[in-house]
Amino acid sequence: MRRALLPALLALAAGAAAAQAPAHAQAWLYESAQTVPSTDTGWDYITLDPASSRLFVARRKDGLLVWNTKTREARTVENSVGANGVVLVPEFNRAYVAMTDGTVLAVDLATLAPLARTDLGIGDLNQGFYEPTQKRVHMIAGARPDKTTWVSLDAATGAVQGRTEFNSRKMDTPATDGQGNIFAPMRDRNLLHLVDAKDLSITKTWRLGDCVQPVEVHWDHVAERILIACRGDKPVFVALNPAAGIVATLPIGRGVDGMVVDERRNLIATAGGVDGTLSVIRRDGPDSYSLVETIATRPMARVVQLDPETSRLFTVSASYTQPIGAAGVDAKPPFYHPDSFTILTYRAP
């Protein structure tokens with residue numbers, strides 16, 4: 001009787017232990033939420049400067065918020081109401097802010113003092129990016145009926161150097177590989193262009209298969225692959241081998257507008273604002289990827305940034321009211337609640 005009972009008890013104990021143990025090591029854990037004073041502002045891009053531990057948050061009505069990730073102190077850059085995105089160029093101690101009125105605000109990166117404001121004459125600006133081999137900042141116009149315009153600036157001085165037009169109504173922020181290649185997503189055409197940094201000519205175009213509305217692109221320096229987060233009705237993550245084409249397609253959360261790559265830990269996270277989740281993907285090899293977990297964040301947390309040294313993630317959200325439109329009419333924009341704007345932090349285990 002005892003001999004028959006002992007194996008059963010051991011099996012029961014092993015089952016209980018297995019039930020208590022986590023199925024796998026979690027990629028990121030919730031750490032904190034800090035609410036900062038705000039109006040009913042919306043926001044767009046966030047950008048992290050790891051060297052100074054500062055998160056730059058483009059809040060349209062409230063201006064460019066700068067939040068220290070260590071001290072958790074916040075301040076707003078002067079003359080920055082209408083901020084839509086920011087390009088950091090520590091090499092020249094400058095930040096360039098894309099504004100909704102079509103101007104570019106140059107800011108001293110050390111002091112955060114405004115330096116100059118230049119009207120580019122192309123209407124509202126969506127965002128910009130820095131290309132290091134040519135030392136240029138490219139500012140991108142917002143949605144247009146038939147084309148997208150880049151205005152190229154000298155990164156050291158902010159002087160306008162030229163304009164380039166692309167056959168796309170909506171282009172999101174390109175990625176660069178540091179070797180003179182620019183990977184530019186055409187959201188409305190479901191294409192990715194390879195652009196030469198020297199003359200901004202298109203040298204190659206990839207069709208993106210199941211990727212509809214490519215909104216975020218990264219160059220993975222370790223795997224040497226192009227990683228793309230795609231919105232659409234069925235949002236997906238796509239990994240693209242520049243020589244062979246698409247090598248992986250995985251489902252991700254709805255409302256994606258941001259993606260980070262933790263090259264040190266072989267992890268990727270996409271931020272879905274509609275679902276309020278982070279979709280975590282593991283890079284098993286250059287051409288092999290697997291979806292490993294979903295992390296609940298908050299509604300509207302659609303952008304994300306990574307500190308590569310600590311592997312901390314940062315995203316932002318705010319409480320809101322969503323009006324219901326009439327049937328067949330485009331959805332109305334949400335109303336954000338004052339003093340609800342929150343910065344969320346997630347840490348590596």
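Colleague: What is the angle about the S-S bond in the link of Cys211 and Cys230?

Modeller: The angle about that bond is -100°, and the link of Cys211 and Cys230 is left-handed. Within that link, Cys211 sits in the loop between strand S17 (202-207) and strand S18 (214-220), while Cys230 belongs to strand S19 (residues 225-230). The two cysteines are 19 residues apart, and the pair links distant parts of the chain. Please keep in mind that this is a predicted model, in which local features need pLDDT of at least 70 and side-chain atom pairs count only at pLDDT 80 or more, whereas totals for chains, interfaces and linings use all residues. Residues are numbered from 1 along each chain as its sequence is written, and side-chain values use heavy atoms, with hydrogens and water left out.

Colleague: And how far apart are the sulfur atoms of Cys211 and Cys230?

Modeller: The sulfur atoms of Cys211 and Cys230 are 2.0 Å apart, and a pair of cysteine sulfur atoms is called a disulfide when they lie within 2.5 Å. A search of the whole structure finds one disulfide.

Colleague: Is Cys211 buried or exposed?

Modeller: Cys211 counts as buried because its relative accessibility is 0%. Cys230 is buried as well, with a relative accessible area of 0%. Here buried means under 20% relative accessible area, exposed means over 50%, and partly exposed is in between, with a 1.4 Å probe and protein chains only.

Colleague: Stepping back, how many helices and strands are in the chain?

Modeller: The chain has one helix and 30 strands; these are DSSP runs numbered from the N terminus, with helices (H or I) of at least four residues and strands (E) of at least two.

Colleague: What radius of gyration does the chain have?

Modeller: The chain has 22 Å, which agrees with a compact globule, because for 349 residues such a globule would be near 20 Å. The radius is taken over C-alpha atoms, and the globule rule is 2.2 Å times the number of residues to the power 0.38. Along the principal axes, the C-alpha atoms fill a box of roughly 90 × 50 × 50 Å.

Colleague: How much of the chain counts as buried?

Modeller: Of the 349 residues, 53% count as buried. The accessible surface comes to about 15800 Å², and carbon and sulfur atoms hold 52% of that surface; the areas come from the Shrake-Rupley method with a 1.4 Å probe, and for residues only the protein chains shown count as cover.

Colleague: What share of the contacts is made by residues 24 or more positions apart?

Modeller: Such residues account for 44% of the contacts with a separation of 6 or more, where a contact means heavy atoms within 4.5 Å.

Colleague: Changing topic, which strand holds Gly85?

Modeller: Gly85 is in strand S6 (residues 83-89), and Gly85 counts as buried at 0% relative accessibility. Apart from neighbours within four places in sequence, Gly85 is in contact with several residues, among them Tyr45, Tyr96 and Asn126. Ala83 also has its place in strand S6 and is buried at 0% relative accessibility.

Colleague: What does Ala83 touch?

Modeller: Not counting residues up to four places away in sequence, Ala83 touches Ala58, Arg59, Arg60, Gly63, Leu64, Val97, Ala98 and Met99. Ala58, Val97 and Ala98 are also in the contact list of Gly85.

Colleague: Where is Thr277?

Modeller: Thr277 is in strand S24 (residues 277-285), where Thr277 is buried with a relative accessible area of 12%. Its contacts, leaving aside neighbours within four places in sequence, include Gly253, Thr270 and Thr294.

Colleague: And where does Trp28 lie?

Modeller: Trp28 lies in the loop between helix H1 (2-20) and strand S1 (29-35). Although it is in a loop, Trp28 is buried, with a relative accessible area of 2%.

Colleague: What about the backbone: what phi does Lys135 have?

Modeller: Lys135 has a positive phi of about 55° although it is not a glycine. Lys135 is found in the loop between strand S10 (125-131) and strand S11 (136-141), and at 34% relative accessibility it counts as partly exposed. Glu224 likewise has a positive phi of about 55° without being a glycine; Glu224 lies in the loop between S18 and S19 and counts as partly exposed at 48% relative accessibility.
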